[in-house]
Amino acid sequence: MTWDAIDIALMVGKILVLFFVILTLAAYLVLAERRILGWMQDRIGPNRVGPMGLLQPLADVIKMLTKEDMIPSAADRLLFSLAPAMAAIPAILTFAIIPVGAPMVLFGREVNLQVTDLDVGVLFFLALSSIAVYGIALGGWASNSKYSLLGSIRGLSQLISYELSMGLSLVPVVMLAKSFRLSDIVNAQAQMPFIVYQPLAFAIFLVSIIAECRRIPFDLPEAEGELVAGFHTEYSGMRFGLFFVGEYINIIALGALASLFFLGGWRGPLLPPILWFFIKVAIFSFLFIWVRGTLPRLRYDQLMHLGWKFLTPLALLNILATGWWLALR
Amino acid sequence: METTLFYILSAVTVFGTLCAITARQAVRAIVYLVTSFFALALIFYILGAPLVAAFEVIIYAGAIMVLFLFVIMMLELGSPEKLPKPRLADWWPAVILFLAVVGSVTVIAASRQPAIAPGFTAISVREFSQALFTRYGIAVEAISMQLLFALVGALYLGRRR
């Protein structure tokens with residue numbers, strides 16, 4: 001494939017727009033979470049900066065950037081400073097394979113609204129989610145503090161466990177779409193979204209992604225009541241900010257993937273595709289916040305029990321059932 | 001462009017592996033090794049094997065090294081002060097292995113024509129899996145049985161007495 005100036009400009013443009021949109025969305029998701037949680041807990045939430053508190057993310061960013069950047073004297077300096085980036089980068093990279101809308105015609109050529117349509121898209125996502133573990137593990141280890149280390153070990157074992165059920169719950173989707181390519185998966189849902197055929201896989205995937213995001217009820221790596229703040233206890237300023245923003249970028253990415261795999265991605269009647277995709281992602285983000293406002297934290301043995309003895313066998317059975325169904329149909 | 005990228009990635013792979021061997025701290029060694037796996041995965045990708053690239057990251061960087069890291073963190077093996085310096089006698093196996101690798105590479109390079117086609121094609125997932133489960137089906141089954149034996153053995157050794 002040869003690239004001319006317009007191709008390169010389009011690619012750079014896509015990447016820049018995507019970056020801007022993701023970071024803005026993540027910043028506003030933080031605000032949305034604080035407002036919605038406030039509303040659920042019968043209090044007001046941040047409403048001072050700008051109209052209805054809409055400039056709060058800006059104020060937060062300025063605060064984080066101007067804060068003192070502390071590195072504990074006993075920390076492993078190299079890994080301590082690398083870890084936040086290791087946590088945020090996989091979440092951002094996931095967006096490279098997400099198609100946000102139907103292909104469009106721009107400058108006289110067809111443009112996919114997707115940075116790259118990899119042949120191994122689903123595997124690319126699984127690879128990134130398995131790499132995301134390192135940020136948490138190394139952040140806590142390099143801090144050289146016992147709360148951080150405990151948080152890291154919890155985070156490691158939790159992510160390994162739920163990655164398995166997450167990956168297995170995607171196998172039926174790949175079986176139905178007959179492709180790892182995300183655009184093929186969306187196109188295979190032109191008639192009917194996969195949630196209709198695979199409600200069980202959807203449920204397993206949803207629980208697993210909440211665990212992958214380390215959100216309540218699975219937030220044991222950063223359980224405030226027992227571990228101060230878990231793996232990021234020793235972090236301050238923008239390094240903490242990267243962990244924090246990385247978590248919200250991850251929520252958006254996983255919400256987007258859930259809607260791609262099970263709800264037909266950008267497909268929908270009447271409204272333009274990008275708007276449909278945004279609505280679906282927003283629904284998932286709201287669900288994450290809603291769950292956080294509703295459920296208590298699991299105990300550690302319950303967490304492991306749920307992952308290994310319930311979700312993983314269920315996902316395996318689901319694969320078997322899907323195989324039979326496809327063979328006998 | 002691909003050739004330049006290949007040399008950059010190869011340099012990263014070799015450098016990462018060297019650092020992993022020489023690092024005094026086990027956790028840092030893991031980070032270096034993961035870096036080299038990453039670069040290796042990208043090399044596989046530009047050589048037209050996207051599936052191998054993905055599995056390199058998922059299995060080696062994302063599963064095996066994470067388990068290593070988990071064990072090191074659990075047992076707190078990360079303190080390098082306690083480790084003794086490697087003695088001269090410890091170097092012999094490494095030297096012998098190194099000579100064996102250099103020897104075999106030289107033999108292969110000398111005996112073979114440069115058969116690498118300039119225009120290689122990327123293999124799609126479909127072709128790859130068809131070859132894997134038909135042509136190499138027996139090998140795949142044998143390996144999976146072997147893994148199952150290892151699993152059962154580990155369960156037996158780790159059972160509660």
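1. How many helices and strands does the secondary structure of chain A come to? In this predicted model, chain A contains 13 helices and 2 strands. Its radius of gyration is 20 Å, close to the 20 Å that the globule rule gives for 329 residues, so chain A is as compact as a globular protein of that length.

2. The overall dimensions and packing of chain A may be read together. The C-alpha trace spans about 60 × 50 × 45 Å along its principal axes. Of the 329 residues in chain A, 46% are buried. Among contacts between residues at least 6 apart in sequence, 76% join residues at least 24 apart.

3. Helix α9 (residues 199-212) and helix α13 (residues 300-328) of chain A pack with their axes 10 Å apart, at an angle of about 150 degrees. Because angles over 145 degrees count as roughly antiparallel, α9(A) is roughly antiparallel to α13(A). The crossing of these two helices is left-handed.

4. The residues that form this contact can be listed by helix. From α9(A) come A:Leu200, A:Ala201, A:Ile204, A:Val207 and A:Ser208, and from α13(A) come A:Leu311, A:Leu314, A:Ala315 and A:Asn318. By class, the contact has 7 nonpolar and 2 polar residues, with no charged residues.

5. As to the interface between the chains, 22 residues of chain A are in contact with 18 residues of chain B. On the chain A side, α4 (121-131), α5 (133-143) and α6 (146-177) each supply at least two of the residues that touch chain B. That side of chain A divides into 18 nonpolar, 3 polar and 1 charged residues.

Definitions and conventions
Residues are numbered from 1 along each chain as its sequence is written. Chains are lettered from A and ligands numbered from 1 in the order in which they are written. This is a predicted model: local features need pLDDT of at least 70, side-chain atom pairs count only at pLDDT 80 or more; totals for chains, interfaces and linings use all residues. Two residues are in contact if their C-beta atoms, placed from the backbone, lie within 7 Å. Helices (H or I, at least four residues) and strands (E, at least two) are DSSP runs, numbered from the N terminus. Ala, Val, Leu, Ile, Met, Phe, Trp, Tyr, Cys and Pro count as nonpolar, Asp, Glu, Lys and Arg as charged, and the others, Gly among them, as polar. The radius of gyration is taken over C-alpha atoms; the globule rule is 2.2 Å times the number of residues to the power 0.38. A residue is buried if 20 or more other C-beta atoms lie within 10 Å of its own, exposed if 12 or fewer, and partly exposed in between; C-beta atoms are placed from the backbone. Axes are lines fitted to C-alpha atoms, for helices over the stretch in contact, and angles run from 0 to 180 degrees between N-to-C directions. Angles under 35 degrees count as roughly parallel, over 145 as roughly antiparallel, 65 to 115 as roughly perpendicular and the rest as oblique. A crossing is left-handed if the near helix is turned anticlockwise from the far one by less than a right angle, and right-handed if clockwise.
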